Every structure is written in structure tokens, then in C-alpha cells.
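Reader: I am new to this structure. Please show it to me, and then let me ask about its parts.

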Amino acid sequence: PYMETGFKIVALSQPPEAEFMSWAFPFHHLLWILTLVEVLVVGLVFMVIEGYGANDMLPSNPIGLFLESFYWSFTIVLGVADKQPATHAGRTLVMAQLFFTLILVSVYTGNINSFLLNVPTVTAVDRFDDFINVEADKYNPNNIICYTRNQLSIKTFLDAELGQNQEAAFETIEEQDIRDCMMKVYRGEATATFFDAPIVRWRIKENFWLEGMCGSSGGYCTDPDFNSKDDCLCPAADADGNCVETANEWTSVSGSLVTAGEVFNSFGYALIFPRSENQQVLHHIAFSQAVQFVKENGDVSDLVDKWIPAVADLKCAASGASDIQLSVVNVQGLLTVTAIAALVGLIIGLVEHFIHTLVKFCPCCKALEDALEEMEAETARAHGYENHHYGERSDVEHENSEEQIKKKHLQDGELPPPPEIPPPFPELSVIEALLELQARLDRIEDLLERAAGEKKDSDDDVDPDAAEDAILE
């Protein structure tokens, strides 16, 4: 044979249908899981280095601390953090999380852009094995194969394959030639067809891609003489330039015919000569030698590349074939996830409102709330809310801090703040303490008046130490 080839499948390549989680496709599902794990781990680290009194913005009870820490970590990834770190370790962790967020958002948006510019396409079948192997990923007993009436070898091949794979099933339709079968595939009336590889490649180029029946703006007209939508719907105009109405209808098709899989059922092309016993007319030997020579020189390969183009190198003639337009279907998963999150927040808010209402009108619930608050206070004291190693200071450090404050006030020309005076009578109530204080002030006043009167009579008779002791008392 001067050229070896085989059958090649022709199928319609279309963008995949939008799925529920299409918005998440730029990242693999394992990467999404690792991202959530990272947020959780950072939240736990926040809980350790910023919790238990180190940061006043975080609660003291463990459950509330965990929830607030996770919320803090998650909002940093979303870029709306509402808390500030109080420790150097917390500031370092926030910077690391912000850098992680920067890289994560950049990679995600970059992949989204790549997805939009290079929309992936899929075919119903990838190889002939998808028709006869019941365990194949794309096997479907409802698949339809179109075969040509003028090529009996294809029908024979299909019958032989069904005989060898009796568990498999598929439907068949018959058309006059390969172009009719390819049109059936383009219209969606057949899953695929197959024919000689060089012929289907040439047909795809000449009868479909060059005619604009490809890409997202392709389609076909009920009148086969028109290949564009404008010509189909308005083949002629009247004297005023208005379109003359016709019965033509245009059907849009988003997709292109392509070849799928490898060449199968290999065979070759050869030249046929008449049988003759006359040695003088036996030219097949010379032709065979010439064919072998041009094959070895690469001339046959050059001719194939020139006249039988690869489908990947074809350019669609339809205008706007690369236009990309998103619809609600593409983001329905994202909208659903957002709605679920909002619904969960609403439910939590209603539950909190219901609890507050019960506490307000139900004495039992009020007692329960007081008990929970007491437990929270006990937990805070148990963790040493003011003496934990993240927030504690030794007595020496406390004194040094007070001295530094005094020095600063003196340098600024201000008086230092007065020292804190502890309550005088911690064991008495407020009213009892005021009465006791008033009685003592009266005694001091009486002693001062007597001391002043005695001094007028004789200054030498007054004992200053006694008067001072009385005042101090």
C-alpha cells in the first residue's frame, strides 16, 4: 500500500454542561480540603497565642474562644478580618495568613481566567471501545452509530464487533454517504460515525469548519444552500431593503465536529491493475517500486500534510466562535452555598433571639443564665485571666511600670495620678460605711476643737503626740 490508515471516529465536541460545583473547578477538591484544614489549624494557633487573656477581643470560655478564633482565621482568608492581634506571635501569624491569602486568591483568579479563555470541550465517546465495552466510562447502550450505505465493509465490521461482544448494545442508522452521517452527528441525531481517517479529516474541514458549522456560533439551516444565520433567515430583500420572509429556520449548535481516539481496524490504500498474463503489460512491479521510493523520501507524508489537515490545526470560519458568556447555571452552586450559609446564620440569630426572650420572661431561664455566667467567671479565674503567662507581670515588673509612669508625668510637668485607695470598710455595706465615716469625722472635729481651745489657755499644756494620735484614730 502507498498509504496505511484505518477508521477514525467523528463526534461532536461541545462545552461540558455546567455542574453544581463548577465555580470550584479551578481548584482540585483535595486543595479545597487542605485550605479548610489550614484555616482550622490557624484558628487553633490563634486560640493558643491570643486566647486566655492575651487579647481582650476573645472570650475566656473554651467554646467561645474556639469559635471566635476560627472566625478570625476564616475572615482573614476572605480579606475582612475584624480583630487585631495583641501579641507579637499573633502579629506574625496574621502576616503569614495574609500572605497565604494573597497567593490563594491570585492562583484562583488566574485559573478562572484560564478556564474562561480555554473552555474545555468533551465528546460523548472517546474511542470505539466506548461502544462495545460495557465497563468503559462512556459506555451507553443508547449510543447511536451512523454508517454509510455505500461502504458495506463498515456494516460488516459493526456486525462482527457485536458478535464478539454480545453484552454490548448500541443503535445504528444508515445514510447515503459519510457527509450525511457527519451531518447527523452535528445535529445531535447520532452519537458518532466513523470512516477512513483521511476522508473524515478532509470532510470536517471542507463541509463544516470552512462553512462556519463550528464553534459556539455555529448552526444549520433547513435550506442546505445557506450556511450562515443571516443568509438563512433573510435570503433576499425587496426594493425597500426589507427582508423577504421565507420558511427557512435556523438551528444554533454550540460545538464542532472533531475526530476522537486512535485509528482502528487498520488497512491501506493501493493501486489496482488488471489481471494479465502478458508480461509486457505488467506495470504493477514498476509502480510498486515507485511507490516504495516516494514513501521512503517522505513525499507521501508531505502530500497528506498538505491536503489532509489535522483537525487541531483547523480555524473555524464562524464569527464570534470564541465568545464566552456565563449564565446563572455556571454559578448556581456558588449561589446555593451562599444561600445555605445565610440561612444557617439566620437560624442561629433566631435561636439567640428566642433564648434572650426566654431569659427575659422566664425566671428559670434567668437562673440558668446566671449559673452559666458564674461558670464562665470561674473558668476565667481558673485560667488566671490576669496572671496567665501571656498576660501576667511580676510584682517587680508592676512596680517598675508604676515608676516609669511617675517619671513620665514628672518629665511632662504633670502631677502623677493619685494612688488607688482601697475601700475602707470592705465588710460593711455602703450605708453603714458612710455612717461610720461620718461618726469618725465628728470625733476628729471634736478633738480638733478641744485641742484649739486648750492651746489658747496654755500652749505648753497641749501634748502634740496625743492630738496626732487622736486624729489618726
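Reader: In which hand does α1 pass α2?
Author: This is a predicted model: local features need pLDDT of at least 70, side-chain atom pairs count only at pLDDT 80 or more, and totals for chains, interfaces and linings use all residues. Residues are numbered from 1 along each chain as its sequence is written, and side-chain values use heavy atoms, with hydrogens and water left out. Helices here are DSSP runs of H or I with at least four residues, strands are runs of E with at least two, and both are numbered from the N terminus. A crossing is left-handed if the near helix is turned anticlockwise from the far one by less than a right angle, and right-handed if clockwise. The crossing of α1 past α2 is right-handed.

Reader: Which word describes how α1 and α2 lie to each other?
Author: Helix α1 (residues 29–50) packs on helix α2 (residues 62–78) at about 125 degrees, with axes 8 Å apart. Angles run from 0 to 180 degrees between N-to-C directions, and axes are lines fitted to C-alpha atoms, for helices over the stretch in contact (heavy atoms within 4.5 Å). Under 35 degrees is roughly parallel, over 145 roughly antiparallel, 65 to 115 roughly perpendicular, and the rest oblique. The two helices are therefore oblique.

Reader: Which residue in β7 stands opposite Leu12?
Author: Strands pair if DSSP finds at least two bridges between them. β1 and β7 run antiparallel, joined by 9 bridges. Opposite Leu12 stands Leu257.
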